Amino acid sequence: MSYRDLSLWFDQLSEPLEPRAALDRDVEVDVAIVGAGFTGLWSAYYLLAADPALRIAVIEREIAGFGASGRNGGWCSALYPVSISTLAEEAGREAAIAQYRAMRGAVTEVERVAVAEGIDADIAHGGTVVLARSQPQLERAEEEAREAAEFGLDVALLGADEARARLAATGVLGATYTPHCAAVQPAKLVRGLASVVEASGATVYERTAATSIEPGTVRTDRGTVRAATIVRATEGYTGQLAGLRRVLAPVYSLIIATEPLPDSTWEQIGLAGRETFSDHRHLIIYGQRSADGRLVFGGRGAPYHLASRIRAEYDRVPRVFDLLERTMHELFPVLRDARITHRWGGPLGIARDWHASVGLDRTTGLAWAGGYVGDGVSTTNLAGRTLADLITGRTSELTGLPWVGHASRRWEPEPLRWLGANAGLQAMTWADARERRTGRASRVAATVNAMMGR
Ligand SMILES: Cc1cc2nc3c(=O)[nH]c(=O)nc-3n(C[C@H](O)[C@H](O)[C@H](O)COP(=O)(O)OP(=O)(O)OC[C@H]3O[C@@H](n4cnc5c(N)ncnc54)[C@H](O)[C@@H]3O)c2cc1C
């Protein structure tokens with residue numbers, strides 16, 4: 001498989017996608033980073049901004065952006081996997097608000113760096129519209145706007161006409177809208193960032209697989225990297241590293257993209273500001289209008305695989321692609337004849353309590369960030385800045401945020417993990433179907449959320 005086939009986004013790159021040089025000997029650096037996705041590269045970027053003399057090695061099994069970072073839906077959003085109410089219960093109201101504010105800041109920071117570093121990632125800051133297309137969805141939209149207002153966050157509740165003016169899907173009863181999201185071309189962003197980090201002095205070793213991470217040492221298939229500080233930035237792939245199998249579960253999300261659509265079609269659909277969009281169903285769907293006028297549409301629903309297995313064939317599940325296509329047609333009947341040109345997917349990382357976290361163990365020098373669920377495009381930026389502060393010993397507003405040092409409990413051993421993860425998926429699908437049939441909110445989804453600690 002060619003790297004170009006990884007996603008629409010990779011296919012759109014004009015660069016030749018030749019892997020950078022692999023590690024060819026043992027090396028010693030100040031900071032070793034495993035994984036050249038957004039987490040690893042933002043960490044390198046801010047570390048070098050803080051101290052240009054740092055010797056940094058980024059170790060990547062494939063090529064920069066190979067993982068979720070080069071394949072996602074391109075929402076650079078202020079979404080955070082734990083609701084603000086839950087976070088407030090756990091960490092206190094002010095801490096929860098600080099975390100959510102920092103997330104909003106991450107969206108603008110990504111845009112700022114892209115401009116400052118000359119990375120053209122087709123960014124459009126249009127916000128996000130999340131439709132309500134049934135009575136239970138409308139109730140959840142109202143609840144979300146109410147919860148946001150209680151914490152001083154700006155999530156607007158739109159009436160049916162206002163919602164349809166932004167996105168004319170079928171059956172729209174209302175929507176929530178937040179301005180805190182930008183649509184991005186993620187492969188351009190992550191590949192651009194890799195070049196910037198390299199030009200700033202880091203070495204990115206590609207086609208080099210880490211086999212284990214221990215204090216002071218990263219062992220790879222090409223040599224050993226010694227470093228006082230080691231950052232684990234492997235997200236959905238973390239379970240493949242020795243001793244880390246139950247830390248993050250790799251859960252797949254899949255995407256389809258249409259051919260570029262004519263303006264006349266976009267006039268019927270909307271998204272004039274390239275707003276990202278979703279609806280308030282339980283089993284997540286998401287979309288964006290790409291810079292070249294395609295509808296890019298994704299969702300969950302692909303199974304979790306026993307023993308956290310990750311294989312190239314799991315990126316493409318015909319049943320899920322068909323379901324996505326049907327859902328897209330149901331939302332936008334005008335797209336019935338539009339050609340689907342790209343289908344792809346990839347694993348994201350979920351901690352047992354659904355919490356993202358970032359941290360540094362000063363006694364071992366081992367640092368990590370991850371567990372972003374489907375909200376990593378901006379959260380990785382916050383993680384990178386936070387790791388840079390932690391590693392360079394700078395106490396800052398960021399190092400006091402509640403996700404810093406958060407320790408999630410481990411996932412259950414198999415086959416319990418497999419049973420639980422897939423039962424959760426089934427329950428969400430079932431809850432959506434039941435709501436469609438009865439018009440009443442399903443309690444099943446709330447129960448599953450509570451069990452997962454969300
Ligand atoms: C289909 C899909 C859609 C998504 N949509 C969105 C979205 O719209 N908005 C959003 O905010 N988030 C979204 N996400 C999540 C987001 O993409 C991720 O949270 C984010 O990219 C995580 O970045 P990362 O650098 O931590 O991990 P990754 O990008 O997965 O990077 C990890 C890297 O580590 C490398 N690696 C793994 N193991 C090793 C090893 N042993 N040795 C060396 N290298 C290794 C991998 O090859 C990979 O390049 C989506 C994810 C998927 C899969």
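Accessible areas were computed by the Shrake-Rupley method with a 1.4 Å probe, and for residues only the protein chains shown count as cover. On this basis the protein chain exposes about 18,000 Å², of which carbon and sulfur atoms supply 51%. The structure is a predicted model, in which local features need pLDDT of at least 70 and side-chain atom pairs count only at pLDDT 80 or more, while totals for chains, interfaces and linings use all residues. Residues are numbered from 1 along each chain as its sequence is written, and side-chain values use heavy atoms, with hydrogens and water left out.

Along its principal axes, the C-alpha trace of the protein chain spans about 60 × 45 × 45 Å. Buried residues (under 20% relative accessible area, with exposed meaning over 50% and partly exposed in between; 1.4 Å probe, protein chains only) make up 61% of the 454 residues.

In soluble globular proteins, nonpolar side chains tend to be buried together. A nonpolar core is here a set of buried Ala, Val, Leu, Ile, Met, Phe, Trp, Tyr and Cys residues joined through side-chain atoms within 4.5 Å. The largest such core holds 66 residues, of which Ile56 and Trp403 touch the most other members. Helix 4 (residues 93-116) gives the most to this core, with ten residues, where helices (H or I, at least four residues) are DSSP runs numbered from the N terminus. Apart from this core lies another, of 51 residues, among them Leu167, Ala169, Ala302 and Ile340. When neighbours within four places in sequence are left aside, the contacts of Trp403 (heavy atoms within 4.5 Å) include Tyr80, Gln99, Tyr372 and Leu382.

Notes:
Helices (H or I, at least four residues) and strands (E, at least two) are DSSP runs, numbered from the N terminus.
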